[in-house]
Amino acid sequence: MPYLIVHEDKCIGCRTCEMVCSLSHEGVVNPDLSRIHVLGYKGEKFPIMCLQCEDAPCELVCPMEAIHMQGGIRIVDDEKCIRCKMCTLVCPIGGVLYDYINHQMIRCDLCGGDPQCVKYCPMNVIELVPDDAVPEARKRGVRILYGEAD
């Protein structure tokens, strides 16, 4: 299963990833509809998106079992989802979001295996990597988020 990793040291905060994400999924450029968000923390900027966790707290807390893994990507079944937003509360990085315009839960779906954020990032901040390349790269992203960066 491929994963997205972030080279946070390369990010310039241009938010191109947010724009192409909302455009490819919703047909409009609107960061509020993006499955990826650029955050700033201690002077650094970096994109955050669903990490496709193996033991995903969002899936475990869902009272309707609306979140499940399908083809290596964790998805939300809109017909089962009751929009309680528990998944947004338990995700430690904010990888699950509520779309207040279309009233649905949204999360990174890897664009069906061709992530547009990877394709259009001008600084090559986001990379699609195979499963065996994930653990250390993922740790780097989480450490900077919680202030444990060098």
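Some ground rules come before the tour. Because the model is predicted, local features need pLDDT of at least 70 and side-chain atom pairs count only at pLDDT 80 or more, while totals for chains, interfaces and linings use all residues. Residues are numbered from 1 along each chain as its sequence is written, and side-chain values use heavy atoms, with hydrogens and water left out.

Let us start with the overall fold. The protein chain contains five helices and eight strands; helices (H or I, at least four residues) and strands (E, at least two) are DSSP runs, numbered from the N terminus. Followed along the sequence, they give the pattern β-α-β-β-α-β-β-α-β-β-α-β-α. Of the contacts with a separation of 6 or more, 58% are between residues 24 or more positions apart, where contact means heavy atoms within 4.5 Å. Of the 150 residues in the protein chain, 41% are buried. Here buried means under 20% relative accessible area, exposed over 50%, and partly exposed in between (1.4 Å probe, protein chains only).

Now step inside. In soluble globular proteins, nonpolar side chains tend to be buried together. The largest nonpolar core in this model has 32 residues; such a core is a set of buried Ala, Val, Leu, Ile, Met, Phe, Trp, Tyr and Cys residues joined through side-chain atoms within 4.5 Å. Those with the most contacts inside the core are Leu 4, Ile 36, Met 49, Met 105 and Ile 126. At least two core residues come from each of strand 1 (3–6), helix 1 (16–26), strand 3 (44–48), strand 5 (73–76) and strand 6 (96–99).

Helix 1 deserves a visit of its own. Its buried residues include Thr 16, Cys 17, Glu 18, Val 20, Cys 21 and Ser 22. The buried residues of helix 1 pack against strand 2 (37–41), strand 3, helix 4 (116–120) and strand 8 (126–129). After the helix comes Gly 27, with a positive phi near 80°.

Together with Leu 23 and Val 29, Met 19 forms a nonpolar surface patch with about 260 Å² of accessible area. Nonpolar patches are made of residues with over 30% relative accessible area and no salt bridge, their side chains (Val, Leu, Ile, Met, Phe, Trp, Tyr) joined within 5 Å. The protein chain as a whole exposes about 8,200 Å², with carbon and sulfur atoms supplying 53% of it; these areas come from the Shrake-Rupley method with a 1.4 Å probe, and for residues only the protein chains shown count as cover.

Next comes a hairpin. Strand 4 (residues 67–70) and strand 5 pair in the antiparallel sense over four bridges; pairing requires that DSSP finds at least two bridges between two strands. Two residues lie between these strands, and Gly 71 in the turn has a positive phi of about 60°. Across the pair, Met 69 stands opposite Arg 74 in strand 5.

A salt bridge is a side-chain nitrogen of Lys or Arg within 4 Å of a carboxyl oxygen of Asp or Glu. Glu 59 and Arg 74 form one, with the closest N and O atoms 2.1 Å apart. Glu 59 lies in helix 2 and Arg 74 in strand 5, so the pair ties together parts that are 15 residues apart in sequence. Arg 74 is buried at 2% relative accessibility, whereas Glu 59 is partly exposed at 29%.

Glu 18 meets Arg 15 with the closest N and O atoms 2.7 Å apart; Glu 18 is buried at 1% relative accessibility, while Arg 15 is partly exposed at 39%. Arg 35 and Glu 26 also join in a salt bridge (3.0 Å, N to O), with Arg 35 buried at 9% and Glu 26 partly exposed at 25%.

How values were computed
Patch = residues over 30% accessible without salt bridge, like charges linked within 9 Å, V, L, I, M, F, W, Y side chains within 5 Å.
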